[in-house]
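Dear colleague,

I am handing over the structure below, and after it I set out what was found. Please read the notes with the model open beside them.

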Amino acid sequence: MGFLHYFSGDEDRRARFIFNLIAPVYGLIDHSIRDNYLAVTDELNTIFPLKGRTVLDVGTGTGGWISALARYPLKEAVGVDFSEKMIRQARKKHPEVRFEVSDGKNLEMFPDGAFDLVTCSFVMHGMKRDLREKVLKEMFRVADKVVAVHDFSGSLSWPTRMLERLERSDYRNFLQTFGEELSFFSGNVRVLNVRKGNGLYLGWK
Ligand SMILES: C[S@@+](CC[C@H](N)C(=O)[O-])C[C@H]1O[C@@H](n2cnc3c(N)ncnc32)[C@H](O)[C@@H]1O
């Protein structure tokens, strides 16, 4: 995968290129956001008790979010990502979690209702709406009880906005419409502003 993939009109190809490129240093970001992930997963636990659950995390990166969830402990913790290099780092860092290479819009390795909870953390804002819908559809298919999306919910600092533009993410539209997008898949949606511009978007099945 070469540098020209950054300019590709194919959204997936561009994202895989970017995340494979930054995978070796992503663990450092992971470390700096650890406290945040611990606090948000604690909050999620008050709404949906996590102990003994089966959980799938889509777009898991180097596994920071799923490892915060795995503390409870879970009955089964699985993380998937379409970046092979992210998964390689995740396996080294979090042996307590099972990691697989998979595209979030095609989770065919898992049957319907395979997990109590299906999550993703800071993945959805990066995609355009039609791709978000495809990934959400798969997340709801493999979820038995709840889908939880952890992502932006308020205004972004200017350095974060710069990074998002560089990544060519869809964060502006995401902030405006994601709650509504989720309600196409769930009749029971809750949106919580949890911490410093972080949101938890929850949809029950
Ligand atoms: C900003 S990172 C977030 C990583 C991790 N969830 C976290 O919170 O630290 C976004 C991740 O989503 C992955 N990703 C984006 N689109 C995906 C897709 N369609 N299927 C699987 N993974 C995807 C990227 O490879 C990247 O690792």
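**What was found**

Arg98 is found in strand β3, which covers residues 98–101; helices (H or I, at least four residues) and strands (E, at least two) are DSSP runs, numbered from the N terminus. Please bear in mind that this is a predicted model, in which local features need pLDDT of at least 70 and side-chain atom pairs count only at pLDDT 80 or more, while totals for chains, interfaces and linings use all residues. Residues are numbered from 1 along each chain as its sequence is written.

Arg98 counts as partly exposed because it has 14 C-beta neighbours inside 10 Å; a residue is buried if 20 or more other C-beta atoms lie within 10 Å of its own, exposed if 12 or fewer, and partly exposed in between, with C-beta atoms placed from the backbone. Leaving aside its neighbours within four places in sequence, Arg98 is in contact with Ala77 and Val78, where contact means that the C-beta atoms of two residues, placed from the backbone, lie within 7 Å. Met109 is 11 residues from Arg98 along the chain, and the C-alpha atoms of the two are separated by 13 Å.

As for the whole protein, it has 7 helices and 7 strands, and from the N terminus on the elements run α-α-β-α-β-α-β-β-α-β-α-α-β-β. Its radius of gyration is 16 Å, close to the 17 Å that the globule rule gives for 205 residues, so the protein is as compact as a globular protein of that length; the radius is taken over C-alpha atoms, and the rule is 2.2 Å times the number of residues to the power 0.38. The C-alpha trace spans about 45 × 35 × 35 Å along its principal axes. Buried residues make up 41% of the 205 residues, and among contacts between residues at least 6 apart in sequence, 65% join residues at least 24 apart.

Helix α5 deserves a separate paragraph. The 14 residues of α5 (residues 129–142) should span 20 Å at 1.5 Å a residue, and its end C-alpha atoms are 20 Å apart, which agrees; the expected span is 1.5 Å times one less than the number of residues. In α5, Arg132, Val135, Leu136, Glu138, Met139 and Val142 are buried. These residues cover an arc of only 160° around the axis, which puts them on the same side of α5, the arc being that of the directions from the helix axis to the C-beta atoms. What covers them includes β1 (54–58), β4 (115–121), β5 (143–152) and α7 (171–183).

With α7, α5 packs at an angle of about 35°, with the axes 12 Å apart; axes are lines fitted to C-alpha atoms, for helices over the stretch in contact, and angles run from 0 to 180 degrees between N-to-C directions. Arg129, Arg132, Glu133 and Leu136 in α5 meet Asn173, Thr177 and Glu181 in α7.

Finally, some backbone details in the loops. Most residues other than glycine have a negative phi, and most peptide bonds are trans. A cis peptide bond, with omega about -5°, joins Tyr72 and Pro73, and Pro73 has its place in the loop between α3 (64–69) and β2 (76–81). Phe122, in the loop between β4 and α5, has a positive phi near 50°. Lys196, in the loop between β6 (188–195) and β7 (198–204), has a positive phi near 30°, and Lys196 is exposed, with 10 other C-beta atoms within 10 Å.
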